[in-house]
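Work through these exercises with the sequence and the model open side by side. Each task is followed by a stepwise solution.

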Amino acid sequence: LGPLSIRPMGILGVLLFFVHTSLVLMLSLERQQAKLGNKWLFLSFMARRVFRIYPLSILAVSAILLAKLPLGHLEPHKLVWTAANWRGALSNLLLVQNITETGSVLGPLWSLPYEMQMYLFLPALFLLAKKLRSPAGLIVLWLSAVALALLHARFGHMPDLVRYIPCFLPGIIAYKACSQWRRILPFWGWPVLLFSLYGLFMLEQG
């Protein structure tokens, strides 16, 4: 409880990871494009993501289901088992729990479906970023995504992925900005930014 609540801190960590991973994957796509061109860009990118994520996630989910390990979510002083029928088990193995609206048998697994689904769009967003002359167009896209996420939070009736698109786009904006701007900021700016973001996030959560 209070300003050091573990759950909100964990959620913020995942959201910051979404920003970071989209930036890193833009650089990966840049290397793939230089090596393979645009023809195989999507297939090469998705093959890498599938083989990086699915083998370990399938192993973990299978072990949890077989042993009925109570790792679904954390409650005060205990771990809780998430019961899963065949539909829930298959959803966890395929990482589509957010689509089928089934619980994750492993708590941290909740974010992987959003990652995998967002990866489907990253090659196209990479090509868009390369085509644009400045980050301005991407910033407009991010503002539109934020507006869409707010509408979803207020009215619903949209895919749940909409909530997290604004967390992936800043990484793409940073990739485009870094290709044009070379500014060296003081080292203390990074912890100040992180603590400021944490403070704002906790205010929103409260």
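**Exercise 1.** Is E30 buried, partly exposed or exposed?

*Solution.* Start with the ground rules. This is a predicted model, in which local features need pLDDT of at least 70, side-chain atom pairs count only at pLDDT 80 or more, and totals for chains, interfaces and linings use all residues. Residues are numbered from 1 along each chain as its sequence is written, and side-chain values use heavy atoms, with hydrogens and water left out.

Next, the cut-offs: buried is under 20% relative accessible area, exposed is over 50%, and partly exposed is in between (1.4 Å probe, protein chains only). E30 has a relative accessible area of 31%, so E30 is partly exposed.

**Exercise 2.** Find the salt bridges and say where the partners of E30 and K130 sit.

*Solution.* Step one: apply the rule. A salt bridge needs a side-chain nitrogen of Lys or Arg within 4 Å of a carboxyl oxygen of Asp or Glu. The count by this rule is two.

Step two: take E30 and K130. Their closest N and O atoms are 3.7 Å apart. E30 belongs to helix α1 (residues 6–36) and K130 to helix α6, so this pair ties together parts that are 100 residues apart in sequence. Helices here are DSSP runs of H or I with at least four residues, strands are runs of E with at least two, and both are numbered from the N terminus. K130 is partly exposed, at 39% relative accessible area.

Step three: take R163 and D160. Here the closest N and O atoms are 3.3 Å apart. R163 is partly exposed at 43%. D160 is partly exposed too, at 25%.

**Exercise 3.** Describe how α7 and α8 pack.

*Solution.* Two numbers are needed. Two packed helices are described by the angle between their axes and the distance between the axes. Axes are lines fitted to C-alpha atoms, for helices over the stretch in contact; angles run from 0 to 180 degrees between N-to-C directions.

Now read the values. The axes of α7 (residues 136–155) and α8 (residues 165–178) come within 9 Å and cross at roughly 170 degrees. That makes the two helices roughly antiparallel. The angle classes are: under 35 degrees roughly parallel, over 145 roughly antiparallel, 65 to 115 roughly perpendicular, the rest oblique.

Finally, list the contact residues. From α7 come L138, I139, L141, W142, A145, V146 and A149; from α8 come I165, P166, L169, P170, I172, I173 and K176. Contact means heavy atoms within 4.5 Å.

**Exercise 4.** How many residues of α5 are buried, and what covers them?

*Solution.* Count first. Eight of the eight residues of α5 are buried, so this helix is largely enclosed by the rest of the structure. They are L112, P113, Y114, E115, M116, Q117, M118 and Y119. The cover includes α1, α2 (41–67), α4, α6 and α8.

Then check both flanks. S111 lies in the loop between α4 (97–100) and α5. S111 counts as buried, at 8% relative accessibility. Beyond its neighbours within four places in sequence, S111 contacts V14 and F18. F121 lies in the loop between α5 (112–119) and α6 (122–131). F121 is partly exposed, at 47%.

**Exercise 5.** Which residues make the nonpolar surface patch that includes F121?

*Solution.* L36, W40, F42, L43, L120 and F121 make a patch of about 600 Å². Patch members have over 30% relative accessible area and no salt bridge; like charges are joined within 9 Å, nonpolar side chains (Val, Leu, Ile, Met, Phe, Trp, Tyr) within 5 Å. Accessible areas come from the Shrake-Rupley method with a 1.4 Å probe; for residues, only the protein chains shown count as cover.
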